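Please have a look at the sequence and model below.

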Amino acid sequence: SFVHHDILLAELSNAPPELWNRNDTPSGSWEVLPLLNQGQWSERISTLCPRLYHLIRNMPNLLDDCLFGNAMVSKIYPGTCIEAHCGPTNV
């Protein structure tokens with residue numbers, strides 16, 4: 001079933017600042033919340049954001065239980081410049 005984005009945003013607000021990782025940017029701020037990192041699910045995020053966890057966990061063809069499995073949520077603030085880069089699965 002479809003989960004409304006307001007519900008997901010409310011869940012994400014449950015994630016404390018220390019769970020968000022800051023990425024380097026030339027300007028502004030870009031933070032990521034890893035749900036699945038190199039095939040390992042974040043148990044804490046699954047508890048804080050159960051609907052988001054369920055939504056991602058049930059995606060068809062998701063690479064979990066392997067080194068290439070990654071899923072995260074990004075927060076990109078106004079004025080942020082992100083340089084061209086390769087992520088962990090497209091190096």
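Predicted model: local features only at pLDDT ≥ 70, side-chain atom pairs only at ≥ 80, totals over all residues.

Residues are numbered from 1 along each chain as its sequence is written, and side-chain values use heavy atoms, with hydrogens and water left out.

Let us begin with the salt bridges. With a salt bridge taken as a side-chain nitrogen of Lys or Arg within 4 Å of a carboxyl oxygen of Asp or Glu, the count comes to 4. One of them joins Arg51 to Glu11, at 3.7 Å from N to O. Arg51 belongs to helix H3 and Glu11 to helix H1 (residues 5-12), so this pair ties together parts that are 40 residues apart in sequence. Helices and strands here are DSSP runs (H or I, at least four residues, for helices; E, at least two, for strands), numbered from the N terminus. Are the two partners buried or exposed? Glu11 is buried, because its relative accessibility is 5%, whereas Arg51, at 45%, counts as partly exposed. The cut-offs are under 20% relative accessible area for buried, over 50% for exposed and partly exposed in between, with a 1.4 Å probe and protein chains only.

Another salt bridge pairs Glu18 with Arg44, whose closest N and O atoms are 3.9 Å apart. Glu18 sits in the loop between H1 and strand E1 (21-23) and Arg44 in helix H2 (residues 43-48), so the contact ties together parts 26 residues apart in sequence. Glu18 is exposed at 56% relative accessibility, and Arg44 is partly exposed at 44%. Asp64 and Arg57 also meet in a salt bridge, at 3.7 Å from N to O. Both ends are partly exposed: Asp64 has a relative accessible area of 23%, and Arg57 has 34%.

Now for the rings. Which residues make up the aromatic pair? The structure holds 1 such pair, and Trp41 and Tyr53 form it edge-to-face, 5.2 Å centre to centre with 80° between the planes. (Rings of Phe, Tyr and Trp, the last by its six-membered ring, pair if their centres lie within 6.5 Å; planes under 30 degrees apart are stacked, over 60 edge-to-face and the rest tilted.) The partners are 12 residues apart, Trp41 in strand E3 (residues 40-41) and Tyr53 in helix H3, and the pair links distant parts of the chain. Trp41 is buried at 18% relative accessibility, while Tyr53 is partly exposed at 22%.

A further ring, that of Trp20, has the charged end of Lys75 over it, 4.2 Å from the ring centre. This calls for NZ of Lys or CZ of Arg within 6 Å of the ring centre and within 35 degrees of the ring normal.

Leu63 is placed in the loop between helix H3 (50-57) and strand E4 (71-76), and is partly exposed at 48% relative accessibility.

The loop between H3 and E4 also holds Asn61, which has a positive phi of about 65° although it is not a glycine. Asn61 is exposed, with a relative accessible area of 77%. Gln38 likewise has a positive phi, near 50°, and lies in the loop between strand E2 (30-37) and E3.
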